[in-house]
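Take a look at the model first, then read on.

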Amino acid sequence: MKIKHEVQDAMDTMGIIKLRKQQIKPINSILSCEDTLMIAPTSSGKSAVFQIPANVRWKKEQQWTLVIEPTVSLMEDQVRELLEKGVPAAAMSSHNKAEHKNILAKLANHQIALLYVTPERLQSPVFQQAVRYNSPCLVVVDEAHCVLDWGYTFRPSYLLIKTFIKTLKQRPVIAAFTATAPPEYHKEIKKCLDMKKPNIFQGS
């Protein structure tokens, strides 16, 4: 399958020499502004599937991507790797509260391509106000099985992601990624995130 020039440009920025076949279709799905659900094993390159479209949108239109991760360590690892590659990324967590105001100012000035948060951050009135009229073009829910595994028990913020999305002035594309979602989870994840006829990609 032919890779678009804009995708190749993003790959060059991130130091990715070649995409796997199972990565190309979900990347194109996201770039076509279609909701996307990808189920693929760990280490199959799921992060690149959303980071590449995020790069493309930011370079072309200075639009940003919101990435929801379950843990601060996952957020920090991905942000560190992106910054090392020259991709403007940031995370808002309890570890860097003093930086939050500056991060939101950079976001408003189109200086951040990917912003990483935990689902709890979406319930912050300050955060909601900051992004309501500066909507992300893409909302990524990484480790999406957590929506069901944890949302009904000790992390109800996972079940409020779709409520947060509805507060945004413009609806973003929604992409969800997981390595551990049995078939019966697919319908529930789509429902909980209010995904609209998502394209589903099952990796081997």
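Cys146 counts as buried, with 3% relative accessibility (buried means under 20% relative accessible area with a 1.4 Å probe, protein chains only). Keep in mind that this is a predicted model, where local features need pLDDT of at least 70, side-chain atom pairs count only at pLDDT 80 or more, and totals for chains, interfaces and linings use all residues. Residues are numbered from 1 along each chain as its sequence is written, and side-chain values use heavy atoms, with hydrogens and water left out.

**Cysteines**
- Cys192 is buried too, at a relative accessible area of 8%.
- The closest cysteine sulfur to that of Cys146 sits in Cys192, 13 Å away, so a bond is out of reach.
- Searching the whole structure turns up 0 disulfides (pairs of cysteine sulfur atoms within 2.5 Å).

**Largest pocket**
- The largest pocket holds about 410 Å³ of space (a pocket is an open set of points on a 1 Å grid over the protein atoms alone, where a 1.4 Å probe fits, with protein on both sides within 12 Å along at least five of seven lines).
- Its lining has 20 residues, and Ser43, Lys46, Ser47, Gln78 and Asp142 are the closest to the centre (lining residues have an atom within 4 Å of a point).

**Second largest pocket**
- The second largest pocket has a volume of about 340 Å³ (the space filled by probe spheres set on the points).
- Among its 21 lining residues, Gln63, Ser135, Pro136, Cys137 and Gln170 lie nearest the centre.

Definitions and conventions
Buried < 20%, exposed > 50% of the residue type's maximum accessible area, 1.4 Å probe, protein only.
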